[in-house]
Amino acid sequence: MKLVVTGGAGYVGSVCARVLIEAGHQVTVVDNLSVGNRDAVPAEAEFVEGDISAVADDLLAGTEFDGVLHFAAKSLVGESVHHPELYWQGNVVESLALLEAIRVHQVPRLVFSSTAATYGEPDSVPIVESSPTRPTNAYGATKLAIDHAITSYTVAHDLAAVSLRYFNVAGAYAGAGENRPVETHLIPLVLQAALGHRDKVSIFGTDYPTDDGTAIRDYIHIYDLAQAHLLALAAATPGRHAIYNLGSGTGFSVRQVIDTCREVTDIDIPVVETSRRAGDPAVLIASSDKAIAELGWQPDKTELAGIVTDAWDYIRALGDRAHSARS
């Protein structure tokens, strides 16, 4: 297939672009490089620099594409609480421009990078796709709004669409991993502290209703996530918007993640305890039963130590090229 990957210079988009190319697809990456790294774009991919709203119409008009995988988004939860205007503009407005270009130029398939943040604080875990969607921050709210828009387009315009709601993505693959100017994800933060790029790791909240008082998250390896996108492309059905959760089905607390990072790195990583962050639910664990049953997806890299090891190997190889080393 000829495919467009938006946000393909970012962590998830760049790894998925690599896996798509390995599977024999032709990939064009679109990214404005506000967060992504140009050198993360696979060499085999075409590259278009710019905002989606500025380039989507001309790009999709110029080539007959078979599908779009939409990763480009603003994704900092804390920032979205304090500056929601950036998220409604950067996520929703840009995505609507992409949907219009897809409609006008009759691109048949769309796979959307959604998020577990659409569920907010769940009533029960593991979280299934029919769980109530009550986002606690603007990031989750904007992703949910895009999901609703996609549903409307599938019904009205016979678009074949799949949304994949990720839980916490981590690890590295084929020399590609997480290297962002502003890092908020726990595993890379802890590993940056192990390298000395940060003085310490902060635990935000020790009074959650969990066994050790810290928040619990479900971690999915980036390669398993990328495989799900291949399956979603194949399964996309005209007139249907399918939504799938992607996670390992196992939760690990913040303290457990830090302890695992200490074991993998053999470094006594310093920690400081502080108050909760606004908009952070206590427990997020996925049920991926629907993706397993309907897509034939099966995550293989589910051990936390293996996920951390892959991320550690990547960040050590990156060395002073890491964004954190310059920030």
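Tutor: Contact means heavy atoms within 4.5 Å. Axes are lines fitted to C-alpha atoms, for helices over the stretch in contact, and angles run from 0 to 180 degrees between N-to-C directions. Helices (H or I, at least four residues) and strands (E, at least two) are DSSP runs, numbered from the N terminus. This is a predicted model: local features need pLDDT of at least 70, side-chain atom pairs count at pLDDT 80 or more, and totals for chains, interfaces and linings use all residues. Residues are numbered from 1 along each chain as its sequence is written, and side-chain values use heavy atoms, without hydrogens and water.

Student: Which strands does helix 5 lie across?

Tutor: Helix 5 (residues 138-157) lies across strand 5 (109-115), strand 6 and strand 10, at about 155° to strand 5.

Student: And what is the strand order of the sheet?

Tutor: The open sheet has 7 strands in the order 3-2-1-4-5-6-10, with parallel pairing; two strands pair if DSSP finds at least two bridges between them. Strand 3 (46-49) and strand 10 (241-246) are at the edges, each with a single partner strand, so one side of each has no neighbour in the sheet.

Student: Changing topic, which peptide bond is cis?

Tutor: The bond from V125 to P126 is cis, with omega near 0°. P126 belongs to the loop between strand 5 and helix 5.

Student: What is the phi of Q106?

Tutor: Q106 has a positive phi of about 55°, although it is not a glycine.

Student: Is Q106 buried or exposed?

Tutor: Q106 is exposed, at 67% relative accessibility (buried is under 20% relative accessible area, exposed over 50%, partly exposed in between, with a 1.4 Å probe and protein chains only).
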